Amino acid sequence: MSGQQLPQPRRAVVFGAGGVLGFAWMLGAMSAYEDVTGNHLHEFDIAVGTSAGSAAAAMLACGLPVSVVARHHQGMSDADDPVLDYDYTGTGAALPPRPGWRPGAPQLFWGAIRPPRSIHPIVALTGLLPAGRGSLEPVYRFVQAVAHDAGFDTVWPTHPRPWIVVTDYKTGRRVVFGRNIFPAGAVRPIRTARLADAVVASCSIPAWYPPMVIDGVPYIDGGTSSNASVDVLLDTPVEEVVVFAPMASVDADRGRGAIARGERILRRAITKGILADVTRLRLAGKRVQVITPGPADLEAMGVNLMDPSRRIDVFETARVTAAATVRRQLALRRPVEIPDEIASDETA
């Protein structure tokens, strides 16, 4: 990747973390968004992707329309569609293989408790988790093949330009592969990476998959730094942002059972963080639309976002619920309402 001059970006799409079912939900929600608005997401200028969202960003960046990926995901590709070699039932079972027993990066933990305490506590805790033994090789082969066919196997895509979010496993810092500082003229140094390497790094869930090493530096799931990294668009001239956040929920139920209630608490925290970033973007004059799962989606997903057996139901449910959400937001001309319960927490 080089510091080449790029056109001023006007529209950006953000894809958050969410595992196998988060990707299925995003694909259904993306399809609904395009059907309702007539906008095509692969024609946007920037695609920010974190964890499962990095795969969505990579597909758009390589010129794959949402409709093509959706048909392939459902096993109903048209004769004229490109051949996509990937099994959406997942990169393994719904549970990870038994990890090792030693902490993967204990230096992260010490960096959080020693002055100047520069590492976020959540990132620090990932350093205490053992290295995972799962494999993301199917994801790598798929993204590399798609990138190769599009001419981007060794060159970073430019439209939409994918910003792939990862976490440096040595320092705990967030790194965004593909990001330039806009407006053009002040370009930050960018570490080099192939698109497939960056996507695998962003998807490397601690204790499930091993870190992805790029240029000698190990990286883990970008979601450990921020679930969606909406804030990376703050200091850009982007005017319009659409956020797909499968692990947030503006309109969540309370869940049935202790595990589901615990999952809703996590969603609540993620939602508050994303909405705080959205508020900052709006105060900067940007139009932001946020699409998150609702109660019907949460019922379809269950509590294990890595369970591939639910992906078809999740996709089909998202197409219905997201379409209703987009229509409602367009009618109100207010892209997202912050529930009173969340808003009161923000001001407490």
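Two strands pair if DSSP finds at least two bridges between them. Keep that in mind for the first exercise, and keep in mind too that this is a predicted model.

**Exercise 1: the hairpin**

Work out how many bridges join β3 to β4, and which residue of β4 is the bridge partner of Ile 164.

Solution. Start with the strands: β3 covers residues 161–168 and β4 covers residues 174–177. Now count the bridges between them, and you get 4. The cut-off is at least two, and the two strands run antiparallel. Next, look up Ile 164: its bridge partner in β4 is Phe 177. Finally, check the link. β3 and β4 form a hairpin with 5 residues between them, and in that turn Gly 172 has a positive phi of about 80°.

**Exercise 2: α2 and its cover**

Find out how many residues of α2 are buried, and what the phi of Gly 63 is like.

Solution. Go along the helix and you'll find that α2 is mostly covered, with 10 of its 10 residues buried. The buried set includes Ser 54, Ala 57, Ala 58 and Ala 61. For comparison, buried residues make up 54% of the 348 residues in the chain. Then step past the helix end: α2 is followed by Gly 63, whose phi is positive, near 85°.

**Exercise 3: α1 against α2**

Describe how α1 and α2 cross, then say which residues meet.

Solution. Two packed helices are described by the angle between their axes and the distance between the axes. Here the axes of α1 (residues 19–37) and α2 (residues 52–61) come within 8 Å and cross at roughly 40°. The two helices are therefore oblique to each other. As for handedness, the crossing of α1 and α2 is right-handed. On the α1 side you have Gly 19, Phe 23, Met 26 and Met 30, and they meet Ala 52, Gly 53, Ala 55, Ala 56, Met 59 and Leu 60 in α2. Sort that contact by class and you get 8 nonpolar, 2 polar and no charged residues.

**Exercise 4: α6 against α7**

Solution. The axes of α6 (residues 137–150) and α7 (residues 195–202) come within 8 Å, and they cross at roughly 150°. Angles over 145 degrees count as roughly antiparallel, so α6 and α7 are roughly antiparallel to each other. From α6, the contact uses Val 139, Tyr 140, Val 143, Gln 144 and Ala 147, while α7 brings Leu 195, Ala 196, Asp 197, Val 199 and Val 200. By class, that's 8 nonpolar, 1 polar and 1 charged residues. The crossing of α6 and α7 is right-handed.

Technical notes:
Residues are numbered from 1 along each chain as its sequence is written. This is a predicted model: local features need pLDDT of at least 70, side-chain atom pairs count only at pLDDT 80 or more; totals for chains, interfaces and linings use all residues. Side-chain values use heavy atoms; hydrogens and water are left out. Axes are lines fitted to C-alpha atoms, for helices over the stretch in contact, and angles run from 0 to 180 degrees between N-to-C directions. Angles under 35 degrees count as roughly parallel, over 145 as roughly antiparallel, 65 to 115 as roughly perpendicular and the rest as oblique. A crossing is left-handed if the near helix is turned anticlockwise from the far one by less than a right angle, and right-handed if clockwise. Contact means heavy atoms within 4.5 Å. Ala, Val, Leu, Ile, Met, Phe, Trp, Tyr, Cys and Pro count as nonpolar, Asp, Glu, Lys and Arg as charged, and the others, Gly among them, as polar. Buried means under 20% relative accessible area, exposed over 50%, partly exposed in between (1.4 Å probe, protein chains only).
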